[in-house]
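Trainee: I have a new model open and want to learn how to read it. Where do I begin?

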Amino acid sequence: MAVLGLGLGACAIQPEPLTRDETQARIETDLQAMFSEQEPIDGPLTLYEAMARAVMYNLDHRVEVMNEAISQHQLDLSRYDLLPRVVAESGYRRRSNVNASSSENVETGVQSLAPSTSEERDSFTADLNLTWNVLDFGVSYFTAQQQADRAMIAYERRRKVVHGIIQDVRAAYWRAVAAQRLQARVGPLLARVEAARANSERIEELRLDSPLNALNYQRTVLDAKRQLQTLRQDLALAKIELATLMNLPPDRDFELEMPADDVVLGRLALQPAELEQLALAYRPELREQDYQSRVSATETRKALVRFLPGLEVFSGLHYDSNDFLVNQNWADYGVRVSWNLLNLLSAPARFEQAESQEQLVAARRQALSMAVLTQLYVAYGGYRQAEELYRTNQEVADVEKRILEQLRTNQAAANGGELAVIRGELNALVAQLRRDLAFARAQNALGQVYLTVGADPLPEQIEAAEVDVVADAIRDTLRGWQDGKLFMRSTLLEIGAEQGKPQVDGLFEGDAG
């Protein structure tokens, strides 16, 4: 009856939509967890502090850290499959009547014994069995090897996420710097532009100057104003993108540290041939395919092991409360051999499938290698072009600055008017902004080269899980890139499961390339 009641209850289950309270509770919980346990921002952010915050707090990175932790846990579990199987069993049974039997003479068909029993109506049994199957051990051994490789695949995927985060922060930071610098100067200048345009319209109305000259000036001023508004619109989202990468609320206001006007563009110390070898050796995607190749090769070995006979060794301890038994406690042991001969029929197909899988992985790796090389040379060429464009924009900005100085000198000497100075200031501001954007694109292009190579932005060891410490470590590593010191390791920043805090000390060990 109880089982029937449970079955009827299961049939009565109906889908229920989420309630408003459940949704609200989820929103409050997620918002609190998303932005908790983070060091406060107590001053202008540098590029390296932004990168450190992104590495430590970015949610996409945390997801990859958890995926890697799950892979490691699966590896730990797979090791237990190598152990023998130990099963403890016990049970109680009661019969409604006596388990009695009699015997019959097989020649005459006459009952030869009176009904008798050798079993009590109530019985209690206990068993402790140990079994170890050599075939299962071999399969489990190769499975554990595959899981170890999959754990490394998860790590390489996390490396890829970290590289992408660093690159995105670099691009967003320099664009946000350009936006912040523009915002500080464009407001007052636009006010002067509006005043100058109003004066020009007034001069046109009073016919104090040629109408064509006044209209040409208005067109020049409006064109410069439109350029400023367009550039400001393009940069408006940079700060929001940077906040999202650092896992800050998108509407959070923060200030960036303004670099000096003579900031030096990073240089690329290595030649394409050297970068090519590094990219083929250390790109996370290629290393992932290397591990996948090992997984496929191990699968072939597993297929071979499955065709062997199974040898099982067993032993056990037993107890039975039946008083009719002469020995209520006993032990046994033995060996069993089993072989599914029908598996031999599928052997050719299984081997062919395993070999095809290995060939597929190899072909995929070769195609990916070609894509990596293409990305490298495209990134390298893009950096060289971006570097040249930045130099040109820098020269243009210097010329516009000198022109502005001459216009102001002429105005002070009563040889020039306010309109010419405003136009010079507009041209200088637009040239400076274009220089800043060209600098941001050149920095992004340089970072793209290192991204295609697979260089790790973190040093071998970090002493403390603090933003300043991690920022200094990233700064030293990125400056080392300019000297040709590209670090390639087997471990990265570990984000602990406890409250999402980074666990850094001693977790940056590996080889440096």
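This is a predicted model: local features need pLDDT of at least 70, side-chain atom pairs count only at pLDDT 80 or more; totals for chains, interfaces and linings use all residues.

Trainee: How many helices and strands are in the protein chain?

Mentor: The protein chain has 12 helices and eight strands. Of its 513 residues, 37% count as buried. The chain exposes about 29800 Å², and carbon and sulfur atoms supply 54% of that area.

Trainee: What share of the contacts with a separation of 6 or more joins residues 24 or more positions apart?

Mentor: The share is 80% in the protein chain.

Trainee: Now the interior. How do I read a nonpolar core?

Mentor: Start from the general idea. In soluble globular proteins, nonpolar side chains tend to be buried together. Here the largest nonpolar core holds 61 residues. Leu 242 and Phe 254 touch the most other members.

Trainee: Which elements give two or more residues to this core?

Mentor: They are helix 3 (47-57), helix 5 (134-206), helix 7 (238-245), helix 8 (272-282), helix 10 (343-412), helix 11 (418-453) and helix 12 (467-481). Another core lies apart from it, with 18 residues, among them Val 186, Leu 228, Val 430 and Leu 433.

Trainee: What does Leu 242 touch, not counting residues up to four places away in sequence?

Mentor: Leu 242 touches Ala 50, Val 169, Ala 172, Tyr 173, Ala 176, Phe 254 and Leu 256. The charged end of Lys 239 sits over the ring of Phe 254, 5.3 Å from its centre.

Trainee: Why is helix 3 described as largely enclosed by the rest of the structure?

Mentor: Count its buried residues. Nine of the 11 residues of helix 3 are buried, so the helix is largely enclosed by the rest of the structure. The buried set includes Ala 50, which is among the contacts of Leu 242. It also includes Arg 53 and Tyr 57.

Trainee: Next, rings. How do I read an aromatic pair?

Mentor: Check the centre distance and the angle between the planes. An angle over 60 degrees counts as edge-to-face. The whole structure has six aromatic pairs. In one of them, Trp 174 and Phe 439 sit 4.8 Å apart, centre to centre, with 80 degrees between the planes. That pair is edge-to-face.

Trainee: Which parts does this pair tie together?

Mentor: Trp 174 lies in helix 5 and Phe 439 in helix 11, so the pair ties together parts that are 265 residues apart in sequence. Trp 174 and Phe 439 are both buried.

Trainee: How many of the 10 residues of strand 6 are buried?

Mentor: One; strand 6 (residues 329-338) is hardly covered. Arg 336 lies over the face of Phe 314, at 4.2 Å from the ring centre.

Trainee: What about loops? What should I check there?

Mentor: Check the backbone angles. Asn 247 is in the loop between helix 7 and helix 8. Its phi is near 60 degrees, a positive value in a residue other than glycine. Asn 247 counts as buried, at 5% relative accessibility.

Trainee: Last one. Where is Arg 301 found?

Mentor: Arg 301 is in helix 9 (residues 284-306). This residue is partly exposed, with a relative accessible area of 44%. Its C-alpha atom is 9.4 Å from that of Phe 351, which is 50 residues away along the chain.

Note on methods
Residues are numbered from 1 along each chain as its sequence is written. Side-chain values use heavy atoms; hydrogens and water are left out. Helices (H or I, at least four residues) and strands (E, at least two) are DSSP runs, numbered from the N terminus. Buried means under 20% relative accessible area, exposed over 50%, partly exposed in between (1.4 Å probe, protein chains only). Contact means heavy atoms within 4.5 Å. Accessible areas come from the Shrake-Rupley method with a 1.4 Å probe; for residues, only the protein chains shown count as cover. A nonpolar core is a set of buried Ala, Val, Leu, Ile, Met, Phe, Trp, Tyr and Cys residues joined through side-chain atoms within 4.5 Å. Rings of Phe, Tyr and Trp (its six-membered ring) pair if their centres lie within 6.5 Å; planes under 30 degrees apart count as stacked, over 60 as edge-to-face and the rest as tilted. A charge sits over a ring if NZ of Lys or CZ of Arg is within 6 Å of the ring centre and within 35 degrees of the ring normal.
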